[in-house]
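Please open the model in your viewer and keep the selection panel at hand.

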Amino acid sequence: MATVSGGSPSERFGFIQAHGKRLGVKYLCSWLNVSPSGYYAWKDRPLSLRAQRDAELLEHIKKVFLASKETYGSPRIFHSLKREGVTTSEKRVARLMREHGIRARALKTYSKPAKVKFFYKAIENKRKDIDKPTSINQQWSGDITYLKVGARWHYLAVVLDLFSRRVIGWALGQQKSTALTMKALKQALTKRKPTNTVLFHTDRGAEYRAHVMQEFLTKRNVKASMNRPGCCTDNAEVESFFHSLKADLIRGNSFSTEDKLRTKLKGYLNYFYNRQRLHSSLGYRTPAEYELAVN
């Protein structure tokens with residue numbers, strides 16, 4: 001809002017036009033230090049060529065924004081338009097979104113210091129000492145998050161390929177357990193069928209430290225790696241994914257049954273996140289596109 005108040009008269013009039021019905025023209029004119037007569041005179045003028053192009057671009061922006069399920073901010077919308085052959089600038093996209101109140105769904109996060117009671121020193125962070133992956137099936141990462149169904153918490157375990165950030169395995173259940181994490185991992189192994197040793201990095205949760213999990217990893221030629229105690233940023237990619245998931249899909253929605261949540265997750269994880277959502281870390285490509293382009 002402060003940026004609009006310092007903008008050109010045309011930008012301020014445009015803001016009044018977009019929000020006058022909701023906030024009142026008189027109030028906005030006073031706040032933006034312009035006269036109502038000046039606003040109405042501006043409104044009655046034929047649209048300038050720039051204003052016409054802004055209006056056309058705005059329609060493109062709205063289309064991409066809705067297709068993203070209202071999750072894209074100006075950088076991703078700019079890159080989406082660029083992919084569609086629409087010539088513009090990121091600054092112009094940001095201005096039009098700001099003027100017309102188009103804002104991506106955002107999620108506030110609250111962090112608490114981790115309380116590490118014990119850990120297995122034998123399982124080290126092997127990932128921190130090696131280079132980033134250069135292809136699929138070199139380094140995977142897993143974690144669990146909480147999702148509410150009605151008044152009860154459910155748990156989502158995921159496995160990401162760190163090369164492309166693609167979700168390659170996931171499982172939803174009512175218990176936070178080793179069985180749940182193994183189900184997600186088994187799905188990833190079935191889909192990917194890695195032929196070489198895979199590094200599987202996780203936090204130090206009991207679901208991953210369990211002997212049955214460690215034995216399973218050894219039998220499947222998967223090397224375990226874990227966060228350093230108290231260093232949740234060691235698994236930043238999965239934390240970032242959970243943040244996106246909750247901002248895109250969970251915030252503002254409620255799920256009365258596990259089946260309803262599962263259906264939404266299936267569409268989000270298998271299609272939208274992997275095949276449609278642009279990732280800034282991948283050069284504004286989708287995980288599926290990135291894998292095809294690099295491999």
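For the angles quoted here, axes are lines fitted to C-alpha atoms, over the stretch in contact in the case of helices, and angles run from 0 to 180 degrees between N-to-C directions. Please keep in mind throughout that this is a predicted model.

Begin by selecting helix α6 (residues 74–83) together with helix α7 (residues 90–99), whose axes come within 9 Å and cross at roughly 120°. That angle makes α6 oblique to α7, and the crossing in which α6 passes α7 is right-handed. Now show the side chains at this contact: S74, P75, I77, F78 and L81 from α6 meet E90, V93, A94 and M97 from α7. Sorted by class, the contact of α6 with α7 comprises seven nonpolar residues, one polar and one charged.

Next, select helix α8 (residues 178–192) and helix α10 (residues 211–219), which pack at an angle of about 15° with their axes 10 Å apart. Because of this angle, which is under 35 degrees, α8 counts as roughly parallel to α10. The contact is made on the α8 side by T178, T181, M182, L185, K186 and L189, and on the α10 side by V212, M213, F216 and L217. By class, the contact of α8 with α10 has seven nonpolar, two polar and one charged residues. The crossing of α8 and α10 is right-handed.

Turn now to the charged side chains, for the structure holds eleven salt bridges. Select E289 and R83, which form a salt bridge whose closest N and O atoms are 2.7 Å apart. This pair links distant parts of the chain, since E289 sits in helix α13 (residues 287–294) and R83 in helix α6, 206 residues apart. E289 counts as partly exposed at 29% relative accessibility, and R83 is also partly exposed, with a relative accessible area of 45%.

Then select E237 and R127, a salt bridge with its closest N and O atoms 2.4 Å apart. E237 lies in helix α11 (residues 236–250) and R127 in the loop between α7 and β1 (139–149), so the pair ties together parts that are 110 residues apart in sequence. Are E237 and R127 buried or exposed? Both E237 and R127 are buried.

Move on to K128 and D129, where the closest N and O atoms of the salt bridge are 3.3 Å apart. K128 is partly exposed, at a relative accessible area of 47%, whereas D129 counts as exposed at 60% relative accessibility.

Finally, select D54, R92, R95 and E99, which are linked in a network of salt bridges.

Methods: Residues numbered from 1 in each chain as written. Predicted model: local features only at pLDDT ≥ 70, side-chain atom pairs only at ≥ 80, totals over all residues. Heavy atoms only, no water. Helix = DSSP H or I, 4+ residues; strand = E, 2+ residues; numbered from the N terminus. Parallel < 35°, antiparallel > 145°, perpendicular 65-115°, else oblique. Left-handed = near helix turned anticlockwise from the far one by under 90°. Contact = heavy atoms within 4.5 Å. Nonpolar A, V, L, I, M, F, W, Y, C, P; charged D, E, K, R; others polar. Salt bridge = Lys/Arg side-chain N within 4 Å of Asp/Glu carboxyl O. Buried < 20%, exposed > 50% of the residue type's maximum accessible area, 1.4 Å probe, protein only.
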